[in-house]
Amino acid sequence: MSKKLEKATFAGGCFWCMVQPFDERPGVISVISGYTGGTTENPTYEEVCSDKTGHVEAVQITYDPEIMPYNTLVETFWQQIDPTDAGGQFHDRGSSYETAIFYHNDKQKEIAEASKKALQESGRFTKDIVTPILPAVPFYEAEPAHQHYYKKNPFHYQSYKKGSGRLDFIEENWKPEIDKTALKETLSPTQYYVTQESGTERPYENEYWDNEEEGIYIDVVTGNVLFSSQDQFDAGCGWPSFTKPVDHYGVTNHLDTSHGMRRVEVRSRQSDSHLGHVFEDGPKDQGGLRYCINSAALRFIPKHALADEGYQSYEYLFDNKEGETK
């Protein structure tokens, strides 16, 4: 962990939905829900919701920029909101639910403005990107009941995120566009079958089930980092197994009822590739999860080759636990 931590502040509508995408990610130390942008000191939730304080609901993130770059945080922010809506977010209307990026230094301002410009020019949205980029001002922590709401009230949180329209908007506008014809030319038949047709390779007859070398596992389609040997363990199942992803935001979970079973499928967020399944029979002292992943969905990069392959920023994972941020 670097010695200098930084803060990032984002307003994305209801702050309940803005914590989970950033929380417990590599290099993220804390995510706090609160209020900023207005004139009232130490406002209450009720005061802010009255739209009379000038504040917006926001999250403030303390992070290590050497592990979690600011541009990655900004990219994540865009993927949680409707940046073309100037009157609130989804079914939450009013000034307290407006979006904004609050920069804390000139470098953050430059990155945020460049990211906004790129999003505008990408054509992803037919309307203009209206989210303002503003200098950071005093941030007031919200009441305890609003902190990490997604953990305290998971069922209501999921229902709210779905019912508000946010979840459907995210899935509609940020689902990866994959050229499967091109993938057939670049992937092996097994890799294509597993990642694009939700196939499963044979246990004990795949590349990484018994790999003991240190390194990282990346998405075979996009190159995004998914898992680390630091979290790999022998589950006795014949496939590579992990207690957690390197970055939980890099994967998505989906109910899988195929083959007469109820399982939780794991897919890559960036490529929408099928990776495997996650089960609740992993090591209890490490969270209790077992990510059972197909080798064909992965490419392994050994620790000694990280710099040569352009993944030197992940060397912290192997620095005698110094990369831990919790």
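**Close-up views of a predicted model**

**View 1. The hairpin of β13 and β14.** In the hairpin that β13 and β14 form, six residues lie between the strands, and His 259 takes a positive phi near 60 degrees. The model is a predicted one, in which local features need pLDDT of at least 70 and side-chain atom pairs count only at pLDDT 80 or more, whereas totals for chains, interfaces and linings use all residues. Residues are numbered from 1 along each chain as its sequence is written, and side-chain values use heavy atoms, with hydrogens and water left out. Strands (E, at least two residues) and helices (H or I, at least four residues) are DSSP runs numbered from the N terminus, and two strands pair if DSSP finds at least two bridges between them. Strand β13, residues 251-256, pairs with β14 in the antiparallel sense over six bridges, and within this pairing His 254 stands opposite Glu 265 of β14.

**View 2. From β14 to β15.** Strand β14 also pairs with β15, in the antiparallel sense and over four bridges, with Glu 265 standing opposite His 277 in β15. These two strands form a hairpin with five residues between them, and Asp 272 in the turn has a positive phi of about 60 degrees.

**View 3. Helix α8 and what covers it.** In helix α8, which spans residues 189-197, the buried residues are Gln 191, Tyr 192, Val 194, Thr 195 and Gln 196. What covers them includes α7 (180-186), β14 (263-268) and β15 (274-279). After α8 comes Ser 198, whose phi is positive, near 55 degrees.

**View 4. An open sheet of three strands.** The strands of this open sheet follow the order β10-β9-β17, with antiparallel pairing. Its edge strands are β10 (225-228) and β17 (298-302), each of which pairs on one side only. Strand β9, residues 215-219, is joined to β10 by three bridges, and the two run antiparallel; Ile 216 has Ser 228 in β10 as its bridge partner.

**View 5. Glu 41 in its loop.** Glu 41 is placed in the loop between β2 (28-36) and α1 (45-49), and it counts as exposed because its relative accessibility is 61%. The C-alpha atoms of Glu 41 and Phe 90 are separated by 27 Å, and these residues are 49 residues apart along the chain.

How values were computed: Buried < 20%, exposed > 50% of the residue type's maximum accessible area, 1.4 Å probe, protein only. Contact = heavy atoms within 4.5 Å.
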